[in-house]
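Please study the sequence and the three-dimensional structure shown below.

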Amino acid sequence: MTFRATVLTLFPEAFPGPLGLSLAGRALAEGTWSLEARDIRASATGRHRPVDDSPAGGGPGMVLRADVLAAAIDAAAPAGDGRPRLLMTPRGTPLTQARVEALAACDGVILVAGRFEGVDERVIEARNLEEVSIGDYVLSGGEIAAMAVLDAVVRLLPGVMGNVASATSESFSAGLLEYPQYTRPQVFEGRPIPEVLLSGDHGRIARWRQEAAERITRERRPDLIAGREREPGGR
Ligand code: SAH
């Protein structure tokens, strides 16, 4: 079954962009997933089709109008469309691999990419939008955030990644960051590949990788280790 992605944006021409390349692009061409980028402006009315206006109460910038965005959502997702509706915003719940895995198990997803200062609060409530952030920094628009969500989801769809094992051993899947990777040449600028990896002893290699993953996670992301300890058995 095709995973149906719909993006609501003021810049539909930004899509598929990098999602048209490599694994995601091949899966798109093969119909593993579909992508519809819809122009929010098409739902605006009036001669100049205004999509934004100045913030109530004053302050800088412009705010995406609730009525225009609601109409765009309703046109993209008629009643009965059960796909999750995500609003890209730095205020949202930070995206995790666990949420990405859950999204990949859905029929599809609707992503709203904001611009300007953000969107009118009332449309978030009235259309039950799940606010999602891709990290603690501010982008100028939600398109790149929507692409990040889709890229992470699409690579998990059945058949997209050749080697399924690589999806289960990588960063975050066991609540740890990934161990270091090496390939040819055997010596690079005087730095050899760790001997254990050339030993052919799969037990030793697995132990080395596990220890390396734990060390790197402890050093870089102690918060992930704390999360593992709160939830025995992994994530
Ligand atoms: N004034 C807002 C930021 C607006 S940035 C605030 O302080 O919260 C403009 C648009 O970029 C947002 O509507 C959102 O869609 C997108 N965006 C910016 N940073 C993002 C992030 N970290 N994650 C997801 N979307 C983001």
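**Salt bridges**

The count of salt bridges comes to 13, where a salt bridge is a side-chain nitrogen of Lys or Arg within 4 Å of a carboxyl oxygen of Asp or Glu. The model is a predicted one, in which local features need pLDDT of at least 70 and side-chain atom pairs count only at pLDDT 80 or more, while totals for chains, interfaces and linings use all residues. Residues are numbered from 1 along each chain as its sequence is written, and side-chain values use heavy atoms, with hydrogens and water left out.

Side chains of opposite charge can pair when their charged atoms come close. Helices (H or I, at least four residues) and strands (E, at least two) are DSSP runs, numbered from the N terminus.

**The ligand and its surroundings**

Which residues are closest to the ligand? They are Met88, Gly114, Glu117, Tyr137 and Leu139, among the 19 residues that surround the ligand; a residue is counted as near if one of its heavy atoms lies within 4 Å. By class, this shell has nine nonpolar, eight polar and two charged residues. In this scheme Ala, Val, Leu, Ile, Met, Phe, Trp, Tyr, Cys and Pro count as nonpolar, Asp, Glu, Lys and Arg as charged, and the others, Gly among them, as polar. Strands β5 (85–94) and β7 (130–133) each supply at least two residues of the shell, and β5 gives the most, with three residues.

A polar backbone atom of Met88 is 2.6 Å from an oxygen atom of the ligand, and a backbone N or O atom of Gly114 lies 2.9 Å from a ligand oxygen atom. For Tyr137, a backbone N or O atom lies 2.9 Å from a nitrogen atom of the ligand. The protein covers 85% of the 560 Å² of accessible area that the ligand has on its own, as computed by the Shrake-Rupley method with a 1.4 Å probe.

**Features of the backbone**

The peptide bond from Phe15 to Pro16 is cis, with omega near 0°. Pro16 is found in the loop between β1 (3–9) and α1 (22–30). Another cis peptide bond joins Arg184 and Pro185, with omega about 0°; Pro185 is found in the loop between α6 (164–168) and β8 (187–188). Ser22, in helix α1, has a positive phi of about 55° although it is not a glycine.

How values were computed: A polar contact is a pair of N or O atoms within 3.5 Å; within protein, one must be able to donate a hydrogen and the other to accept it, and residues adjacent in sequence count only if both atoms are side-chain atoms.
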